[in-house]
Amino acid sequence: METNKDTRQEIIASIDEINDRMWKTRGNTRDLDPDPLRLSREALEKSRELEYKPGIARGLLNKGMGSFIVLHDVPAAIENLNESLALFTELNDKKWMANVRLTLAIINTSVGKHEPAMYNALKGVDYYEQDPNDDLDKIMAYYVTGTVFKDLKKFKDSEQYYQKGLLSNFTDTSSWGGRIYTSLANIYTEEGRYDEAIAMTLKGLSVLKTQDNTIGESRALNDLGNIYKRKKQFKEALEYFFQGLKIREESHLKQFAFGSLNDIASVYKETGENEKAIAYLVRAGELAVEINQPAKEAKIYQEIGAIYKLLGNYEKSILYLEKFIGISLDLHEKDKSQKIDKLQDALLREKEEEIERLRNVELKEAYNLITEKNKEITDSIHYARRIQKALLAPDHLMDKNLGEHFILYKPKDIVSGDFYWATSVVTKQSAVNSQHNTADCELFYLAVCDSTGHG
């Protein structure tokens, strides 16, 4: 594209303005263009015509966010973000490298991929730990990292990052500040501090409404529903769940609407209105298929099968449980090769490629560069170890369920090829003498895993 200097600068200014607007308003979906990705595509195309690399990189970042939030296409989002990260790395733009990594972290943790979520969060937040200037994006960095730890139920670490975010001058005027308030409320809820959780959620909801952050607002309403559900105030719980669902459906936030439908069903199940519960679970299952989330689809089938069993409809119960088993086996086959030692292998390959690139460089300069790169690789492997340690079953869970025991865990290298994992799940089971009565049953799962081919 041939342009004179002044015209080129005008087009670049318009590209930067679009990318800035998209980045700052990514939580607002009320007033989106009918084609929400149109502006991102236009800015990206203009950047490519001008060979304007910063515009291409930011355009790919915004396109990736749109693919996730609007189209619910996680593979496409991650592909766009990885291309963006490669370009920002080439430009040595550390701020935007950090922002891409933090975006990758929040996407991965939202779909249960905790290892890449933790890796990218810790790499991303490091930039803001060292740079005291950019307060707005710093709040975002602390929110994302705290959320990754929260999703792993590492509440102490999570709260530390959230509290760092609250030190900003923009806490009460930024949607990220609103999200931190609601996320802290989630921790209080887990700890049974319900009144504090409600107060903190309402504070966050107020901030999110002023920022017109529809995603955060709907999440805060859903959180209030969950708190009241825990308090056994089911009428209030349903009111908040339905408010959140309305926003999510009107804003076409399908992956979030899935959560609302599931939560509404859980209230009806707990109040014994099983037919209503099944109706909302069926809607959630249809939505899971639409947004291509087979793991969520499988969980829905498991829930429906369990309810039909309680109702004595064994034919339908078996039908849905067979669907659950079929999807689960398929997911296992697809995911079994994705083990944590692949991260270490990838980092080692990166080191070998860097050594190859430096072969023709003057010996002394090459030595210095390799030494520096070696340190970066070693640091990255230590990140991997932190991720692995975060995934190990906590001591209190093992003590509660195993009684007297010991764990022999001696990694040969920095990152172990083998690991152990455990969790407990509370379910409803039929009482012995009456199929209409239910009681809590806590199931404990323990896995000791051998990463085949490690090293």
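Let's start with Tyr301, which is buried in this predicted model. Its relative accessible area comes to 13%. Tyr320 is buried as well, at 16% relative accessibility. For both, the cut-off that matters is 20%, since buried means a relative accessible area under that value.

Now, what kind of aromatic pair do Tyr301 and Tyr320 form? A pair of aromatic rings is described by the distance of the centres and the angle of the planes. Here the centres of Tyr301 and Tyr320 are 5.9 Å apart, with 45° between the planes, and the pair is tilted. Tyr301 sits in helix 15, residues 294–310, while Tyr320 belongs to helix 16, residues 314–335, so this pair ties together parts that are 19 residues apart in sequence. In total, the count comes to 14 aromatic pairs.

Let me show you another of them. Tyr409 and Tyr420 pair edge-to-face, with 5.7 Å centre to centre and 85° between the planes. Where do these two residues lie? Tyr409 is in the loop between helix 19 (395–402) and strand 1 (418–430), and Tyr420 is in strand 1 itself, so the pair ties together parts that are 11 residues apart in sequence.

One more item on aromatics, if you'd like to find it on the screen: Trp23, Phe88 and Trp96 form one aromatic cluster.

Let's move on to a helix pair. Helix 6, residues 114–130, packs with helix 7, residues 135–151, at an angle of about 150°, and their axes are 9 Å apart. Angles over 145 degrees count as roughly antiparallel, and that makes helix 6 roughly antiparallel to helix 7. The crossing of these two helices is left-handed.

Which residues make the contact? From helix 6 we have His114, Ala117, Met118, Ala121, Leu122, Val125, Tyr128 and Glu129. Helix 7 brings in Asp137, Lys138, Ala141, Tyr142, Thr145, Val148, Phe149 and Asp151. Sorted by class, the contact of helix 6 with helix 7 has 10 nonpolar, 2 polar and 4 charged residues.

Last stop, friends: Lys276. You'll find Lys276 in helix 14, which covers residues 274–290. Along the chain, Lys276 and Ser266 are 10 residues apart, and their C-alpha atoms are separated by 9.8 Å.

Key
Residues are numbered from 1 along each chain as its sequence is written. This is a predicted model: local features need pLDDT of at least 70, side-chain atom pairs count only at pLDDT 80 or more; totals for chains, interfaces and linings use all residues. Side-chain values use heavy atoms; hydrogens and water are left out. Axes are lines fitted to C-alpha atoms, for helices over the stretch in contact, and angles run from 0 to 180 degrees between N-to-C directions. Helices (H or I, at least four residues) and strands (E, at least two) are DSSP runs, numbered from the N terminus. Angles under 35 degrees count as roughly parallel, over 145 as roughly antiparallel, 65 to 115 as roughly perpendicular and the rest as oblique. A crossing is left-handed if the near helix is turned anticlockwise from the far one by less than a right angle, and right-handed if clockwise. Contact means heavy atoms within 4.5 Å. Ala, Val, Leu, Ile, Met, Phe, Trp, Tyr, Cys and Pro count as nonpolar, Asp, Glu, Lys and Arg as charged, and the others, Gly among them, as polar. Rings of Phe, Tyr and Trp (its six-membered ring) pair if their centres lie within 6.5 Å; planes under 30 degrees apart count as stacked, over 60 as edge-to-face and the rest as tilted. Buried means under 20% relative accessible area, exposed over 50%, partly exposed in between (1.4 Å probe, protein chains only).
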